[in-house]
Amino acid sequence: MENISGEMKVSSRGIKNLSEIKKIIEKTSSLKTTDLLDVIFGGATDLDASDIHIEPGKENSKIRLRIDGVLQDVAELDKEASQGVLSRIKLLAKIKMNISDRAQDGRFSLLLSSGKAESPIEVRVSTLPAENGETLVLRILNPKNLIGLGDLGLRNDLLVLFRKEIKKPNGMIIVTGPTGSGKTTTLYAFLKEVQNPGIKIITIEDPIEYRLPGISQTQVKGKEYNFASGLKSVMRQDPDVILVGEIMDLETADIALQASLTGHLVFTTLHTNDAAGTIARLISLGANPSNIGPAINLAVAQRLVRKICQKCGTSRTPSLEELQKIKGGLKKTPKDIKKIPQTKGCDYCNGTGYKGRIGIFEAFLINDEMEKFILTSPSISALREKAVKGGMTTMREDGLMKVLEGVTTLEEVERVAGED
């Protein structure tokens with residue numbers, strides 16, 4: 001049951017696959033809304049879903065869960081049940097009930113009960129007017145997904161590099177990638193690694209995704225308190241480490257660059273396709289190339305690939321075409337590649353053949369030579385070529401290495417990182 005504080009108690013049901021939650025929802029859809037939501041949220045957290053989508057159709061609303069980055073159909077609700085769910089979630093998220101013709105955003109907390117323990121989980125809510133009613137998307141921010149640096153899937157050389165760079169007293173580390181590529185998870189892994197009682201860490205985010213004890217966290221609020229103005233205020237709080245959720249404009253970029261040049265360690269994100277695009281993006285925002293090189297320590301790009309299911313995953317002999325792709329995409333390959341992973345599908349992985357995700361990365365240091373090169377305002381392709389010549393392993397190469405290690409499949413790497 002929920003209370004007026006925007007908090008709802010739900011129970012873990014030990015659901016192991018989609019068919020289980022579908023059966024329970026079909027049985028529960030005729031019951032009251034609270035019971036139905038308990039099943040939806042409890043099941044979604046049991047299955048480690050990152051998002052719940054409720055999409056209205058002409059007659060019924062479809063429930064879909066995003067698991068390991070891929071949306072999967074779960075069940076359908078009739079009009080009455082889906083309207084009850086919509087109204088209750090709006091109430092919890094403090095969203096205006098009488099508005100249905102424009103998008104709204106809100107958030108609330110779940111208290112997930114599992115035995116005697118209760119775990120707080122934040123839920124971000126987004127509503128959008130659609131042809132047959134309002135579409136709901138609920139982002140589940142489960143603190144158990146906050147992992148350490150060693151669990152991100154970094155190659156050993158990158159793990160050593162990252163640990164070295166995040167221990168420096170000043171400079172900027174930028175993590176890039178599209179929405180849903182795990183950037184926030186990586187930034188929080190940095191924070192967990194550097195956190196200690198002797199330093200002050202402040203984050204400015206939109207919104208605050210995870211609560212970390214011992215760290216000051218602030219959220220931007222419209223035009224009055226945006227990333228730029230918030231970052232100015234953060235600078236007056238004597239921080240040692242600053243996390244800026246995203247650099248979106250020139251003012252924020254300039255303040256963040258100056259912060260890193262004046263004795264602060266800054267972690268932040270940009271929306272670019274690869275590590276080389278970091279520099280071009282900052283230049284396109286209007287940042288001065290003479291500040292970019294000295295300020296940035298490390299540029300990182302990442303994606304998430306699904307890991308092959310440990311319960312049903314198999315292996316097979318690669319085809320000639322697959323061998324050519326692997327050997328053509330890697331600088332060094334084993335002389336004899338006998339097997340590569342293959343998916344099968346079982347109840348444990350909901351028939352997908354994959355369970356869980358892991359990062360693939362590329363990163364390059366801004367050394368003296370790269371700093372001088374940045375002053376020429378190089379193109380993305382030229383900077384990428386320079387980084388590769390300097391020893392950067394690309395995301396695709398990192399993915400292919402994980403194929404040879406039996407972690408994921410060639411198809412998954414191509415889906416996420418593209419084909420050469």
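In which sense do strand β9 and strand β14 pair, and over how many bridges? I found that β9 (residues 171-176) and β14 (residues 296-308) pair in the parallel sense over five bridges, and that I173 has L298 as its bridge partner in β14. For the terms, I take strands (E, at least two residues) and helices (H or I, at least four) as DSSP runs numbered from the N terminus, and two strands as paired if DSSP finds at least two bridges between them.

Before going further I note that this is a predicted model, in which local features need pLDDT of at least 70 and side-chain atom pairs count only at pLDDT 80 or more, while totals for chains, interfaces and linings use all residues. Residues are numbered from 1 along each chain as its sequence is written, and side-chain values use heavy atoms, with hydrogens and water left out.

**The sheet**

I then traced the open sheet of seven strands, which has the order β11-β10-β12-β13-β9-β14-β17 and mixed pairing. β11 and β17 (354-365) stand at its edges with a single partner strand each, so one side of each is left without a neighbour in the sheet. The twist averages 20° from one strand to the next, with axes fitted to C-alpha atoms (for helices over the stretch in contact) and angles running from 0 to 180 degrees between N-to-C directions. I also saw that helix α14 (residues 410-417) lies across β14 and β17, running at about 135° to β14.

**Strand β10**

Is β10 buried or exposed? Five of the five residues of β10 (residues 201-205) are buried, so this strand is largely enclosed by the rest of the structure; buried means under 20% relative accessible area, exposed over 50%, and partly exposed in between, with a 1.4 Å probe and protein chains only. I201, T203 and E205 point one way from β10, I202 and I204 point the other way, and all are buried. Four bridges join β10 to β12 (residues 241-244) in a parallel run, and β10 also pairs in the parallel sense with β11 (residues 216-219) over four bridges. I204 has V244 as its bridge partner in β12 and stands opposite T218 in β11.

**The cores**

Next I looked up the largest nonpolar core, which has 42 residues, with I279, L282, I292, I296 and F364 making the most contacts inside it. Such a core is a set of buried Ala, Val, Leu, Ile, Met, Phe, Trp, Tyr and Cys residues joined through side-chain atoms within 4.5 Å. Its largest share, five residues, comes from helix α7 (residues 250-261). Not counting residues up to four places away in sequence, L282 touches I174, I247, A253, L270, A287, I292 and I296, where contact means heavy atoms within 4.5 Å. A second, separate core of 38 residues includes V10, L36, I121 and I140.

**Two exposed residues**

L375, in the loop between α11 (368-374) and α12 (380-389), is exposed, with a relative accessible area of 51%. Leaving aside its neighbours within four places in sequence, L375 is in contact with P289 and S290. K372 lies in helix α11 and counts as exposed at 61% relative accessibility; K372 and G293 are 79 residues apart in sequence and 7.6 Å apart in space, C-alpha to C-alpha.
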